[in-house]
Structure formats: structure tokens, C-alpha cells
Amino acid sequence: MFGWLWSIIVGAIIGAIAGAVTNRGSSMGWIANILAGLIGSWLGQTLLGTWGGPSLAGMALFPSILGAIILVLIVSALFGMRSK
């Protein structure tokens, strides 16, 4: 019943880690962190599979974090290009 809530919490943590690694986390809010974590998790597991390490809420942590980092970098590059 609370699987979706656990997924949101883990997605927020993954998004916050990706924002901290890329130094773009201060400009992201909680909703952006959750979206970056959830979408980045899907992206990372699609590209890299579910290799290595633990899995929380159905998300393999290492590929999920790498996918979220890739997503944050791409989105920040796109929004950076628009403002110029």
C-alpha cells in the first residue's frame, strides 16, 4: 500500500544526491529532486541495467544515481542554453 510513498522518498534521495554531485541541487526544489530521482532511476536502469549493489523500492541505487546525474546535467544544459 505504501510502495508508492517509499518510491517517492527513495526518488527524492536519489535526486538530491544527483543535485549535490552536479552542484545544481541548490536550484532544484523537492519536486524537481523527486522527478530527477524517479526519471533518472528509470533512465539509469534502462541504459545500465540493475548491476552492482543494493536496491531500494525497486530501484538499483548505482545505475539510478548515475541516470539521475545524467538527467540533471542534460536538463541544466538545456535550461542554461535557453537563458542565453
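**Fold, pocket and selected residues of a predicted protein chain**

The protein chain contains three helices and two strands, where helices (H or I, at least four residues) and strands (E, at least two) are DSSP runs numbered from the N terminus. Read from the N terminus on, the order of these elements is α-α-β-β-α. The model is predicted: local features need pLDDT of at least 70, side-chain atom pairs count only at pLDDT 80 or more, and totals for chains, interfaces and linings use all residues. Residues are numbered from 1 along each chain as its sequence is written, and side-chain values use heavy atoms, with hydrogens and water left out.

The mean pLDDT (the predictor's confidence in each residue, from 0 to 100) of the protein chain is 83, and 90% of the residues score at least 70. Confidence is highest in helix H1 (residues 3-22), at 88, and lowest in strand E1 (residues 55-56), at a mean of 81.

The C-alpha trace spans about 45 × 25 × 15 Å along its principal axes. Of the 84 residues, 31% are buried. Buried means under 20% relative accessible area, exposed over 50%, and partly exposed in between (1.4 Å probe, protein chains only). Among contacts (heavy atoms within 4.5 Å) with a separation of 6 or more, 53% join residues 24 or more positions apart.

The largest pocket holds about 200 Å³ of space. On a 1 Å grid over the protein atoms alone, a pocket is an open set of points where a 1.4 Å probe fits, with protein on both sides within 12 Å along at least five of seven lines; lining residues have an atom within 4 Å of a point. Grid points are joined across faces, edges and corners, and the volume is the space filled by probe spheres set on the points. Ten residues line the largest pocket, and Met28, Ala32, Val72, Val75 and Ser76 lie nearest its centre. Helix H2 (30-48) and helix H3 (61-83) are the elements that give two or more residues to this lining. The largest share, four residues, comes from H3. By class, the lining has seven nonpolar, two polar and one charged residues; Ala, Val, Leu, Ile, Met, Phe, Trp, Tyr, Cys and Pro count as nonpolar, Asp, Glu, Lys and Arg as charged, and the others, Gly among them, as polar.

Individual residues were also examined. Ala12, in helix H1, counts as buried because its relative accessibility is 8%. Leaving aside neighbours within four places in sequence, Ala12 is in contact with Trp30, Asn33 and Ile34.

Leu73 is located in helix H3 and, at 38% relative accessibility, counts as partly exposed. Not counting residues up to four places away in sequence, Leu73 touches Thr22 and Arg24.

Two loop residues complete the description. Gly53, in the loop between H2 and E1, has 59% relative accessibility and therefore counts as exposed. Ala57 is in the loop between E1 and strand E2 (59-60) and counts as partly exposed, at 28% relative accessibility. The phi of Ala57 is near 55 degrees, a positive value in a residue other than glycine. Most residues other than glycine have a negative phi.
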